[in-house]
Amino acid sequence: MNSLMVRRVIFHTDQLFELQLERGAVTFEPGHCVALSMDATESRPYSIASGTGEDILRFLIRRVPQGLVSNWLAERRPGERVQVSAPFGWFAPGRSATEEQSVFIATGTGIAPFLSYLRSQPPRLPLACFYGVSYAEEALGLEELRCVPHFRLAVSRQTIDNAFVGRVTGLLDQLPLGPGLHYYLCGLDAMIDEISRWLEKQDIDFTQIHREVFFYADETR
Amino acid sequence: MPMKHDNNWLLSSKGEKRGYIQPQLLHELWFHTGTSCNLRCPFCFEGSKPGDDRLEFLTLEDAKVFIDEAVDLGVEKFSFTGGEPFVNPHFVDILDYALDHKPCLVLTNATEPLMNQFAKVKAFSAKPHTLSFRISLDHPDPVKHDESRGKGNFKKALDTLGRLYREGFGVSIARLMLKEEDSKAIDSAYLPYFRRAGVPLDVKIIKFPEFHKPGSMPHVPEITEDCMTRYLSTSQRDGFMCNYSKMIVKQQGVCGVYACTLVDDDGNYNLGKTLKEAMSVRVMLKHHRCYSCFAYGASCSEGNCNTEGKEGEATACSA
């Protein structure tokens, strides 16, 4: 367990913030999570959103109503310390990128592992990235994401220029398909289930669909 | 180093000689891959959760030493538990090495960590030894399963069960044993789901009683020498896991050999640094989970144990 100092807490909306911690000696790969601890018993896993070359660890966090850890983290001040587990994970966006092309699909803070990948000087950009949020102000990392050849933003509760109005699943007919493509899905379980099923119906092999589900645990527990 | 034993290691609280097992032959070697898990189930007897490091990730270098020693000692099978084994970044390499030597069993929740590595797992069907999976399906009711494991995880686990079976791997399931349950009725309730997954209807169902959290001290009857000879036959005593099995655990950077899969929260059961050393140590049945083995049989293991549960008789042993 590492004890890392808070550098900044940046609120993008009332509910959505970026926690920045001094990196210390932590080493990680894009896609890795760490458990951030409030005390000896309460911790939650969060994906790292920073690049492997940065001197800070960034986390994109949504405050969960009555959520113990997310609200505690939102109240941290620069200089305070947070207990951080060793990085771990089973989701490796772009791991196949040196040989095969990738497609990234995210909702909400599920964009974090993809931002980590894009901020880590990857050997190859993904072919496409589809990103769904509720409101435009919740869309983070757009500077990096707009470098992806086929980047599409879906905003479900607001109409803005250059964005699809609706859920990210409404963009499925625009999703690149091919036998050599690997699909990396991160975010809400309903989105992941729907897109996984749809991809398998398009004859994409199960082994080419990679998933990272957020929010399935009851954060208030 | 094995811990120096407590004063009450040999005697019960009433001063009677504790029951014990003198290990005979190493049949099965378990590896604890680490307590980190992608899920956070409230009943987990390992206390596993994301990022947990009470028990650390085993590496290939850690495991190789014990795999090689176990093969020399005549082991017949390797088994792996966690945490969720597929969360350990070294696990696929460990399994790859183990399958070159003996059949393997993996206990898994069969969700994202395994699903995301399915391509590598599929390739293991070509290995020289067989691979089996025991998948946690706590209840035959998806809603009850998902209450603890997260929404949608029953369906994922069932789906993965079917995929593994279709790839030619052995499959079984693990479920929670409820107090005073109608075991036959509960087992039967799984059949529609087995049909849906396309697996045989006689898939083995392993039942686990309540084991309590790591470090907890629930009151259970103490097992004395007299209990072991009065209520159990020789073959039933031989069926205790600590007789024919051991488990490798890594803590604070050091691997140790523990008596079985259920006692890794008590340093008294760290029996040594080598299997040979550990197999020579008499295992005193002091841990509260030893009583589960006494009362219900060694449910962690599959196909190695001929002990049938003796609940009615065993509960009489409450010295």
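How many helices and strands does chain B have? Chain B has 14 helices and eleven strands. Helices (H or I, at least four residues) and strands (E, at least two) are DSSP runs, numbered from the N terminus.

This is a predicted model, in which local features need pLDDT of at least 70, side-chain atom pairs count only at pLDDT 80 or more, and totals for chains, interfaces and linings use all residues. Residues are numbered from 1 along each chain as its sequence is written, chains are lettered from A and ligands numbered from 1 in the order in which they are written, and side-chain values use heavy atoms, with hydrogens and water left out.

**View 1. Chain B as a whole.**
The radius of gyration of chain B is 19 Å, close to the 20 Å from the globule rule for 319 residues, so chain B is as compact as a globular protein of that length. (The radius is taken over C-alpha atoms; the rule is 2.2 Å times the number of residues to the power 0.38.) Along the principal axes, the C-alpha atoms of chain B fill a box of roughly 55 × 45 × 35 Å. Of the 319 residues in chain B, 55% are buried. Buried means under 20% relative accessible area, exposed over 50%, and partly exposed in between (1.4 Å probe, protein chains only). Take the contacts in chain B between residues at least 6 apart in sequence: 74% join residues at least 24 apart. Contact means heavy atoms within 4.5 Å.

**View 2. Chain A as a whole.**
Chain A has four helices and twelve strands. A compact globule of 221 residues would have a radius of gyration near 17 Å, and chain A agrees, with 17 Å. Its C-alpha atoms fill a box of roughly 50 × 35 × 30 Å, taken along the principal axes. In chain A, 58% of the 221 residues count as buried. Among contacts in chain A with a separation of 6 or more, 62% come from residues 24 or more positions apart.

**View 3. The largest nonpolar core.**
This core has 89 residues, and B:Phe31, B:Phe78 and B:Phe80 have the most contacts inside it. The largest share, six residues, comes from helix 2 (residues 91–99) of chain B. A nonpolar core is a set of buried Ala, Val, Leu, Ile, Met, Phe, Trp, Tyr and Cys residues joined through side-chain atoms within 4.5 Å. Another core lies apart from it, with 26 residues, among them A:Leu16, A:Ile111, A:Leu142 and A:Leu145.

**View 4. An aromatic pair in chain A.**
Over all chains there are 17 aromatic pairs. Rings of Phe, Tyr and Trp (its six-membered ring) pair if their centres lie within 6.5 Å; planes under 30 degrees apart count as stacked, over 60 as edge-to-face and the rest as tilted. The ring centres of A:Phe104 and A:Tyr117 are 5.4 Å apart with planes at 85°, so this pair is edge-to-face. A:Phe104 is in strand 7 (residues 102–107) of chain A and A:Tyr117 in helix 2 (residues 112–118) of chain A, 13 residues apart. A:Phe104 counts as buried at 1% relative accessibility. A:Tyr117 counts as buried at 6%.

**View 5. An aromatic pair in chain B.**
The rings of B:Phe31 and B:Phe78 have centres 6.0 Å apart and planes at 50°, so the pair is tilted. B:Phe31 sits in strand 2 (residues 28–32) of chain B and B:Phe78 in strand 3 (residues 77–81) of chain B, 47 residues apart. B:Phe31 is buried, at 0% relative accessibility. B:Phe78 is buried too, at 0%. Leaving aside neighbours within four places in sequence, the contacts of B:Phe78 include B:Leu29, B:Ile67, B:Val71 and B:Cys104.

**View 6. B:His287 in its loop.**
B:His287 lies in the loop between strand 11 (283–284) and helix 13 (290–296) of chain B. Its relative accessible area is 6%, so B:His287 is buried. The side chains of B:His287 and B:Asp265 are joined by a polar contact of 2.8 Å. (A polar contact is a pair of N or O atoms within 3.5 Å; within protein, one must be able to donate a hydrogen and the other to accept it, and residues adjacent in sequence count only if both atoms are side-chain atoms.) Not counting residues up to four places away in sequence, B:His287 also touches residues including B:Leu262, B:Val263 and B:Tyr269.
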